[in-house]
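Open the model in your viewer and switch to a cartoon view. The tour below goes from one selection to the next.

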Amino acid sequence: MSETDPEATQAAPEPAAPAGETTEATSAQETTAEAGDAPAAAQPPETVEEPEAAQPPVAADATPASPAPTGTVRPADDPVAAPEAPPVSAAPAPEARPVPRPPMPTPRPGRPTPKTVAAPTPSVPAPPDLTPAEEAEAAAFGRVDADGTVWVRESAGERTVGQYPGADADEALALYVRRYADLRASVLLFEARLSTDLSAREIDSTLEHLTAELAEPAAVGDLDGLRAELERLRSLAAERKAAAEAERAAAKARAVEARTELVEAAEKIAATDPAKMQWRPAGDQLRSLLAQWKDAQRNGPRIDRPTEDALWKRFSHARSTFDRERRRFFSELEKSNAQAKEVKAALVAEAEALAGSTDWGPTSGAFRDLMARWKAAGRAGRKDDDALWARFRAAQDTFFAARDAANRATDAEFQANLEVKLGLLEQAEALLPITDLTSAKATLRDIQAKWDAAGKVPRGDLQRVEGRLRAVEQAVRDADQAHWRRTNPETRARAEGAAAQLYAAIAALEDDLEKARRTNDARRIKEATQALEARRSWLEQVERAAAESR
């Protein structure tokens, strides 16, 4: 698309570019303007020329040789116009004449061009073109002198915006109205972009650019209204910047809070008791926290340097503490593992020395002691611990397998003894309940003699059969004790002596009770009655004991 295409310029005006982002073409134009050259916008309309054979000779006075005044453009200044021809003698003009085309607006030095204005955000629609009524309203703010000088009316008065010789007033006004339309489109586009995520920097640069454009533009239209609209947008932009600043502050606060949570999580890990620390998961968590920190630093909102430095110092200190404690823990663990390895190697040597012993009882106790010492020795390195345990377990299994084999052989030998003792148990248990103590004691003595002569029984049956015989022996012993208590002469003598004493006491108490009744002494009657009842109860118990001892 050509930069000087008027239709394209009106249909899709570009947004203003930030300050300092103009193209080389604009810079060159500004340099030309500062040197006092005529504005490019005041160029005459292009012409479509006929073939050279049909072109008429140019008269010597067709173009003045003197420089044009400021703001005026000579036809020879048009970069697309034909070069000035040398003077020739006058001749009749042929019928074929240049055909004029509508004037095409050329960018004025310093005003935004499609190259110097950033492309509009896709979500922001292009501002509409001026309607015919709006073009007529804008043209009412200008006028054209007979020499082609174009004026615009503002609140400060009229001022010259350029010169367009060789064209009628409507064409000249149309050119500068289109420039007004471009300015209006830039302002409307800026208003539309204010509702997007336009940055404060872009807002300031666009306002600065539009302010410069509207200072003394070479355009015809309601420039005062356009400046007032820009001032309104300036206030709106200030509100937008304030809201954006508040959003940035809130985002910064959230970022600080998120970073603080990362720091506190790292500090919590670092403060864990090393004895209870799960080092691998904790290290993975710290690496994850560090990755989150870096991601927030790269992609999250910026926070101020002092706050970030303070939080990073805490985060780094937590990581350093964790690394230091981990190194210390594993250093001590390595020492502990080496000591445990040495102790367990000695235990393995002892176990392997005992593996071939046939002294089953003491060696079994020795192996139990070795196992207790093994558990108290702690853990060596996993690989060493597994290897040492395999040797220890092999020695242990060797001994106990031999012991179990010997016990199985012994049990097979003692199985016949078990059968004998089971028969003796049936005879012993037949004595219960005991009715004839003397006969039961004699029978039990005979059974005990046979029991001892029968020999050992398998280890698995020993407790069972011994327990059954002990129960019969205890029953006989209890019956014998009960019989002794009943027939003991001393017990009988004591019972008879106590009974005699109670008889005498009862007789005395009966006399006291009779005397109290005669005197009608209620207190003595009560005391004598209670004492008499107690003595009679004791007497009853003594007489029962004496009867049982006979």
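Which strands does helix α6 lie across? Select residues 223-270 to see α6: this helix lies across β4 and β5 and runs at about 50° to β4. Axes are lines fitted to C-alpha atoms, for helices over the stretch in contact, and angles run from 0 to 180 degrees between N-to-C directions. Helices (H or I, at least four residues) and strands (E, at least two) are DSSP runs, numbered from the N terminus.

This is a predicted model, in which local features need pLDDT of at least 70, side-chain atom pairs count only at pLDDT 80 or more, and totals for chains, interfaces and linings use all residues. Residues are numbered from 1 along each chain as its sequence is written, and side-chain values use heavy atoms, with hydrogens and water left out.

**The sheet**

Next, select residues 142-144 (β3) and 149-154 (β4), which pair in the antiparallel sense over 3 bridges. Two strands pair if DSSP finds at least two bridges between them. Within this pair, look for Val144, which stands opposite Val150 in β4. The two strands form a hairpin with 4 residues between them, and Gly148 in the turn has a positive phi of about 90°.

The hairpin from β4 to β5 goes through 2 residues.

With these strands selected, you have an open sheet of 3 strands in the order β3-β4-β5, with antiparallel pairing. Its edge strands are β3 and β5, each pairing on one side only. Neighbouring strands of the sheet are turned by 25° against each other on average, direction ignored.

**The helices**

Select residues 169-194 for helix α4, which lies across β3, β4 and β5 and runs at about 140° to β3.

How values were computed. Contact means heavy atoms within 4.5 Å.
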